[in-house]
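Please keep the sequence and the model at hand while reading.

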Amino acid sequence: MAVSVDEAVSTGPAPDHTPAARRLGGRGRSGLEVALLIVLAVVMLFPVLWMIETSIKDNRDVYAIPAKFFGFNVTMDHFRDVFVAPGGGRSALSVAFLNSVVVAGVSTLLATVLGVPAAWAYSRFSVRAKKDQLFFILSTRFMPPVVVVVPIFLMYRQVGLIDSKIGLILIYAAFNVPFTIWMMKGFVDEVPAEYEDAAMLDGYTRLQAFWRYTLPLLVPGIAATAVFALIFSWNEFVFAIFLTSSDDVRTAPPAIAGLIGGTTTDWGLVAAASVVFALPVLVFAYLVRKHLVAGVTLGAVRR
Amino acid sequence: MAGIEVTALHKRYPDGTVAVDHVDLSIGDGELFVMLGPSGCGKTTTLRAIAGLERQTTGDIHIGNTLVNDLPPADRDIAMVFQFYALYPHLKTRDNLAFPLRAEGLPKAEVHKRVNEAARLMQLGPLLDRRPRQLSGGEQQRVALARALVRRPRAFLMDEPLTNLDAELRADMRTEIKHLQGELGATMVYVTHDQVEAMSLGHRIAILNKGRVEQIGTPLEVYDRPASLFCAAFIGSPPMNLIEVEVADGTLRSKGGLVLTPPPGLPRDRSLVAGVRPEALEVTEPGAERSVPARVVSAEWLGDEIIYVVDYGGQHDVRVRMPPTVRFATDARVGLRHTGATPAVYDVSTEELVA
């Protein structure tokens with residue numbers, strides 16, 4: 001989650017400069033700022049650049065000592081290897097990517113379908129011990145998920161969910177539902193309940209009123225929430241590596257990790273797979289960056 | 001149009017909060033009935049129960065001759081106007097007005113006719129093709145009123161419809177609502193926390209406090225003889241002066257020696273408080289006939305009147321309404337006397353009117 005929040009913030013406007021920096025004024029300020037920003041950008045972006053570079057380097061250049069920053073031979077072989085098995089046919093990695101799409105997509109859908117109506121209910125209705133219930137829901141996110149990996153593993157083995165996509169989908173949805181409820185409740189609170197009241201007096205049932213009036217007004221909120229849920233499911237590594245083992249089920253993060261180790265590591269392939277893995281999330285986050293920032297800053301301004 | 005009967009209404013939320021303790025109301029056909037009270041007094045919950053947006057825990061609600069306890073809001077044939085207007089943001093004024101009619105499934109021609117009629121009544125002609133976001137607060141509220149009108153419902157429920165408007169607009173809309181109600185002969189239940197609104201609009205006013213009705217009466221009845229200390233403090237600006245008194249020698253006498261005319265039938269053995277309106281007192285030159293010595297603490301110059309705050313005897317902060325021609329400086333030694341009719345007298349322990 002932390003990664004996605006960072007991304008979201010970085011898409012927003014640049015943070016305010018301190019008064020001290022302002023006072024430097026004119027060229028001095030901009031020169032110092034530019035220098036610092038360049039240093040920061042290099043530190044932040046170097047691993048990414050290196051990954052991209054490695055993914056298009058010839059194998060010889062990948063392992064060259066000293067390392068070649070420029071003037072290497074460009075090849076697309078690694079990207080071919082990501083999708084095509086050495087003997088032809090689909091590679092294990094391409095299956096893993098497909099699994100990631102299915103698992104992340106379905107678990108996000110599930111969390112949204114369950115979480116949005118729940119958030120609406122918590123926002124609109126007077127429920128016994130509402131605050132305690134909401135606190136309990138939130139409390140499931142207090143611990144790092146890895147804490148429950150072993151109990152979940154044992155339970156899954158009992159009920160036969162080990163090494164299945166359904167198992168991963170369920171556990172990701174379980175982690176995303178509390179998040180969805182909390183984030184969506186904020187958005188629902190912002191939509192005046194009077195719309196539903198008015199629609200009910202105009203002849204609709206409560207559910208119709210929700211469906212026709214409140215839901216359309218919630219779309220930006222749902223988009224922001226779903227993106228966060230999707231990024232979590234897409235990036236999740238620990239549960240994926242503990243709960244799955246076969247190539248048919250395994251998602252991309254453990255599959256890519258699985259490339260490392262053994263006698264040799266094909267770094268070109270690792271880099272290419274990582275690029276392919278990172279790309280959808282980056283593109284997606286870029287497309288919905290406004291909603292992401294809305295999600296991060298939600299509740300900062302009161303009506 | 002129809003009258004509304006609310007009998008022994010009680011509403012308790014699942015979390016244990018009692019929003020309405022016990023409310024009985026009998027609202028006449030064609031009456032403009034105002035429910036007045038501070039926030040949390042249960043007035044809005046009562047209104048929402050009448051609308052069917054809340055289900056009461058116990059008690060009955062009749063609209064006309066129909067028991068509506070178990071009817072959903074849509075089947076109660078009532079219209080409601082909300083504080084936040086609740087206009088559908090994605091619809092133009094015209095479609096906002098037509099919306100409830102289309103929901104009823106009326107033929108197009110009839111919808112068109114009724115929308116135009118309501119638009120004419122509320123002077124919305126130029127606004128028909130705008131969306132709510134392009135309308136000012138006052139315009140939005142007029143559209144909301146028109147949307148309630150097109151339905152030709154049996155009763156109108158108004159939930160603080162003017163609270164979000166600025167003062168000038170509020171006065172205009174008040175006149176407009178009163179005029180409209182009279183013209184249509186509509187039954188209207190109007191919820192507000194603003195006593196000026198209640199006094200100027202209502203045929204009758206119900207004052208609610210802590211989920212109970214404290215008093216029901218015409219504006220004048222409520223103003224002249226508040227039924228409880230709560231009502232006395234709530235109605236009027238500035239509110240009634242509550243002065244501790246005792247019965248002595250056939251008069252009501254307060255600690256500082258101020259003498260009031262006693263109403264008949266006063267109990268002798270209880271501690272009493274007299275409710276004296278600021279206009280029933282007079283600030284005089286010191287030593288004037290029947291006056292007690294007092295001191296001006298402060299004066300609010302309102303232009304058309306002056307509100308003097310005076311201390312006398314053991315009594316602090318007594319408010320007196322005087323014409324702007326009578327001027328005393330702050331800290332001046334003055335006289336204070338009672339000029340009004342017999343005051344309302346309350347029992348301190350029960351907080352209710354005793355005579």
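Leaving out residues up to four places away in sequence, B:Asp317 touches B:Val297 and B:Val309; two residues are in contact if their C-beta atoms, placed from the backbone, lie within 7 Å. This is a predicted model, in which local features need pLDDT of at least 70, side-chain atom pairs count only at pLDDT 80 or more, and totals for chains, interfaces and linings use all residues. Residues are numbered from 1 along each chain as its sequence is written, while chains are lettered from A and ligands numbered from 1 in the order in which they are written.

**Surroundings of B:Asp317**

- B:Asp317 belongs to strand S18 (residues 315–322) of chain B; helices (H or I, at least four residues) and strands (E, at least two) are DSSP runs, numbered from the N terminus.
- B:Asp317 counts as exposed because it has 11 C-beta neighbours inside 10 Å.

**Chain B as a whole**

- Chain B contains 8 helices and 20 strands, and its C-alpha trace spans about 75 × 45 × 35 Å along its principal axes.
- Of the 355 residues in chain B, 43% are buried.
- Among contacts in chain B with a separation of 6 or more, 66% are between residues 24 or more positions apart.
- Chain B is divided into domain 1 (4–229) and domain 2 (238–347), with bounds that come from an automatic or database domain assignment.
- The centres of domain 1 and domain 2 of chain B, taken over C-alpha atoms, are 39 Å apart.

**Strand pairing in chain B**

- Strand S1 (residues 4–12) and strand S4 (residues 58–63) of chain B run antiparallel and are joined by 5 bridges; two strands pair if DSSP finds at least two bridges between them. B:Val6 stands opposite B:Ile61 of S4(B).
- S4(B) is also joined by 2 bridges to strand S5 (residues 66–67) of chain B, again in an antiparallel arrangement, and B:Ile63 has B:Thr66 as its bridge partner in S5(B).
- The hairpin of S4(B) and S5(B) has 2 residues between the strands, and B:Gly64 takes a positive phi near 60° there.
- In strand S6 (residues 78–81) of chain B, B:Ile78 and B:Met80 point one way and B:Ala79 and B:Val81 the other way, all of them buried.
- S6(B) runs parallel to strand S7 (residues 155–159) of chain B, to which 4 bridges join it; B:Ile78 stands opposite B:Ala155 in S7(B).

**Nonpolar cores**

- The largest nonpolar core has 150 residues, and B:Ala146, B:Leu157 and B:Val189 have the most contacts inside it. A nonpolar core is a set of buried Ala, Val, Leu, Ile, Met, Phe, Trp, Tyr and Cys residues joined through C-beta atoms within 7 Å.
- This core draws at least three residues from each of domain 1 (4–229) and domain 2 (238–347) of chain B.
- Apart from neighbours within four places in sequence, B:Ala146 is in contact with B:Leu97, B:Ala118, B:Ala119, B:Met122 and B:Leu124.

**Backbone features in the loops of chain B**

- The peptide bond from B:Ser237 to B:Pro238 is cis, with omega near -5°, and B:Pro238 sits in the loop between helix H8 (229–234) and strand S11 (241–248) of chain B.
- B:Gln123, which is not a glycine, has a positive phi of about 55°; its place is in the loop between helix H3 (108–121) and helix H4 (137–150) of chain B.
- B:Asp331, likewise a residue other than glycine, has a positive phi near 75° and lies in the loop between S18 and strand S19 (333–338) of chain B.

**Chain A and its contact with chain B**

- In all, 16 residues of chain A are in contact with 19 residues of chain B. Helix H10 (residues 194–201) of chain A gives the most to the side of chain A that touches chain B, with 6 residues.
- An unreviewed UniProt entry places the feature "transmembrane region" at several spans of chain A, including residues 96–122 and 166–188; such annotations may be inferred rather than shown by experiment, feature names are shortened, and positions follow the numbering used here.
- Residues 96–122 of chain A are 100% helix and 0% strand, with end C-alpha atoms 37 Å apart.

Definitions and conventions. Buried ≥ 20, exposed ≤ 12 C-beta atoms within 10 Å, placed from the backbone.
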